[in-house]
Amino acid sequence: KECLRDVNRDSMPDHILHIGIDLSLRTDLTSATVAWKDDDGNINVLCFAYAPLIGVEQREIRDKAPYQQWAKDGWLILTPGATVDYEYVCNHLARVLKGCTIGSVQFDRWKIDNFTRAAQDTDFYAMVPNTNEDKTAGWIDVGQGYVSMAPRLESFEAEAMRGVLQTGNHPVLNLAASQAIAVSDDAGSRKLAKSKSVHRIDPMQAAI
């Protein structure tokens with residue numbers, strides 16, 4: 001709750017942006033979270049959540065979440081059709097991030113081939129660095145196991161507890177945060193477990 005301050009969007013063009021992508025099922029939420037550190041040392045967490053327009057009423061009942069109201073209020077972006085249109089998502093990201101510098105797009109490899117193909121048909125692909133030699137820039141494949149996710153989860157948690165995140169009080173991200181459940185392996189490493197969460201935690205996974 002200490003991190004619900006407004007996102008400093010005016011600072012976006014002056015800093016390097018990093019984007020987390022969680023594609024999930026195309027009939028459910030797809031999330032893109034843009035993060036950057038501003039001159040005050042705050043980490044801005046700008047969440048974009050996408051869902052297909054067709055079937056939104058049924059998913060609203062199933063998930064007990066006000067998707068239609070969120071869409072009216074601009075918190076949820078409904079893409080045309082019965083599945084999330086990745087080209088629509090990429091065009092939206094290219095439009096809202098125009099004039100900004102993207103350092104990396106970090107993603108779960110599941111379904112990413114479909115997403116990158118869609119990106120290549122938009123201006124978004126050219127906005128992302130092609131090189132990935134040092135694993136800190138470009139398109140970065142992030143495994144969903146403990147090895148890759150544990151340090152990210154620990155870092156996110158530490159920054160949240162320090163109160164330096166600025167999430168803009170985004171209701172879709174808030175719901176994901178309230179429902180996110182972490183599981184541990186024998187060594188104490190942690191990751192989020194989608195299978196144990198009642199609601200969609202995709203925005204939280206993308207943010208981490």
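Start by selecting Arg162 and Glu159: they form a salt bridge, with the closest N and O atoms 2.5 Å apart. (A salt bridge here is a side-chain nitrogen of Lys or Arg within 4 Å of a carboxyl oxygen of Asp or Glu.) Before you go on, know that this is a predicted model, where local features need pLDDT of at least 70, side-chain atom pairs count only at pLDDT 80 or more, and totals for chains, interfaces and linings use all residues. Residues are numbered from 1 along each chain as its sequence is written, and side-chain values use heavy atoms, leaving out hydrogens and water.

Both residues sit in helix H6 (residues 146-162), 3 residues apart, so about one helical turn separates them. (Helices are DSSP runs of H or I, at least four residues, and strands are E runs of at least two, numbered from the N terminus.) Arg162 is exposed at 58% relative accessibility, while Glu159 is buried at 18%. (Buried means under 20% relative accessible area, exposed over 50%, partly exposed in between, with a 1.4 Å probe and protein chains only.)

Next, pick Arg200 and Asp28, whose side chains meet in a salt bridge (3.4 Å, N to O). This pair links distant parts of the chain, 172 residues apart. Arg200 is partly exposed at 23%; Asp28 is buried at 5%.

Asp63 lies in helix H1 (residues 56-63) and is buried at 3%.

Last stop: Val172 in helix H7 (residues 171-179), buried at 4%. What does Val172 touch, not counting residues up to four places away in sequence? Look for Leu29, Ala49, Trp70, Trp75 and Pro203, where touching means heavy atoms within 4.5 Å.
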